[in-house]
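Please look over the sequence and the model below. A short report on selected features follows.

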Amino acid sequence: MGEAINILYVEDNEGDVELMRMSIERYFPSLNVVLDVAETVDEAKEIFDDNKHVIAVIDWNLPDGEGGDVLQFIREVNADLPVVMLSGVISETSIAETEKYEPVVCIEKGHDKKVIAQLELYFSSSAFI
Amino acid sequence: MSAKLESELAKANQELALLKAEYEEFVYIISHDLSAPLRQVQSFSEIIANTHNGNFDDKTKRHFGLIIRGATQASQMLKAMSYYSRLNTRAKPFALFDCNMSIAKALDNLSSLISDSGASITLDDFPEIIGDEEQITILFQQLIHNALTYQKAGTKPIISISFTNNVDAWQFSIKDNGIGVPENLREKIFKVLRRGVSDKKYPGLGMGLAYASKILQRHRGSINLVNSVEGAIFTFKIAKELPYG
């Protein structure tokens, strides 16, 4: 295993977290990917570490707010961190609200290759792969 | 009214009736037809998990747990959505009733929660109002339930329910000493299936305040939330002049 690739994953659904872990294990078996999971906006703000996390994957609907609140918080600290926004259903309104904080991409949930492809893209450009 | 206007009104009413029928059919499909496959996922997963539990490793057991919980949650959501829809489609005509009786019923339905939590509840003497008594009982029940539930651990709920006689509307307030609601969630919590807290800390679906809003919409009313120094105050209005009888 190489150096740890720390991802901030903000998601309150236990099943989605499990599926993400399994997808990462399946598609990046040789990488040492560590998911730091936050279930709420407050928790995400607490555990986000600009010196540690190299990418953030954020669900739109969170119990105590919106994924956009986390994105806004991250952007205040780091303008360039790659951020993938996820949602069960993406609406134009939520995209418009979030775009001003410049996420890398907004993707509808589904544990197919879409999210993984984004991670892959990032890992390749950062020479993890 | 001119013949042209009458014809346009009749056409609009016809379209409205069609839309209403379509909406009811849609809700039926969502709540009935979708619940069957969900029930199968839930039931057969439970059967497999119970019958073959010994053969599964921990990871597989956890995955079965997630399948069962997910299907159960989806079924509960469907039931809640169906109930939400019926607040409009199967509503009863308005009548004059004693609001004290309605609140007493709501408190009776919550009696175990009230005694378990050691809550103290103070009440005004409420007026007779016009409305759907069953729905107004549900409204009080949901709001009192929230006041009892969203409390810091170890705190005994202190709730007061009062009313003001305004010119056009009865204004009710339910004040608690609970955890309150963050400023940024004050609108979101009234939406269907939206909550202001984590499921793990406070289990629930996020429908109580959506029911309340829907009921008040039918009673030409409104609901607001104000955070007090300690806890929350939900204030809602019910129009005085409603057609009944």
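## A nonpolar surface patch on chain B

Phe44(B), Ile47(B) and Ile48(B) make up a nonpolar patch on the surface. Together they have about 280 Å² of accessible area. Areas come from the Shrake-Rupley method with a 1.4 Å probe; for residues, only the protein chains shown count as cover. Patches are made of residues with over 30% relative accessible area and no salt bridge: like charges are joined within 9 Å, nonpolar side chains (Val, Leu, Ile, Met, Phe, Trp, Tyr) within 5 Å. A salt bridge is a side-chain nitrogen of Lys or Arg within 4 Å of a carboxyl oxygen of Asp or Glu.

Ile47(B) sits in helix α2 (residues 35-52) of chain B. Ile47(B) counts as partly exposed because its relative accessibility is 47%. Buried means under 20% relative accessible area, exposed over 50%, and partly exposed in between (1.4 Å probe, protein chains only).

## Basis of the model

This is a predicted model: local features need pLDDT of at least 70, side-chain atom pairs count only at pLDDT 80 or more, and totals for chains, interfaces and linings use all residues. Residues are numbered from 1 along each chain as its sequence is written, chains are lettered from A and ligands numbered from 1 in the order in which they are written, and side-chain values use heavy atoms, leaving out hydrogens and water.

## Chain B overall

Chain B holds 7 helices and 7 strands. Helices (H or I, at least four residues) and strands (E, at least two) are DSSP runs, numbered from the N terminus. Of the 245 residues in chain B, 38% are buried. Its C-alpha trace spans about 75 × 55 × 35 Å along the principal axes. Chain B exposes about 14300 Å², with carbon and sulfur atoms supplying 55% of it.

## The sheet of chain A

In chain A, 5 strands form an open sheet with parallel pairing, in the order β2-β1-β3-β6-β7. Strands pair if DSSP finds at least two bridges between them. β2 (33-38) and β7 (105-108) of chain A stand at the edges, each with a single partner strand, so one side of each has no neighbour in the sheet. β1 (residues 5-10) of chain A is joined to β2(A) by 6 bridges. Asn6(A) has Val34(A) as its bridge partner in β2(A).

## A buried aspartate

Asp59(A) lies in strand β3 of chain A. Asp59(A) is buried, at 4% relative accessible area. Beyond its neighbours within four places in sequence, Asp59(A) has contacts (heavy atoms within 4.5 Å) that include Asp12(A), Leu86(A) and Lys109(A).
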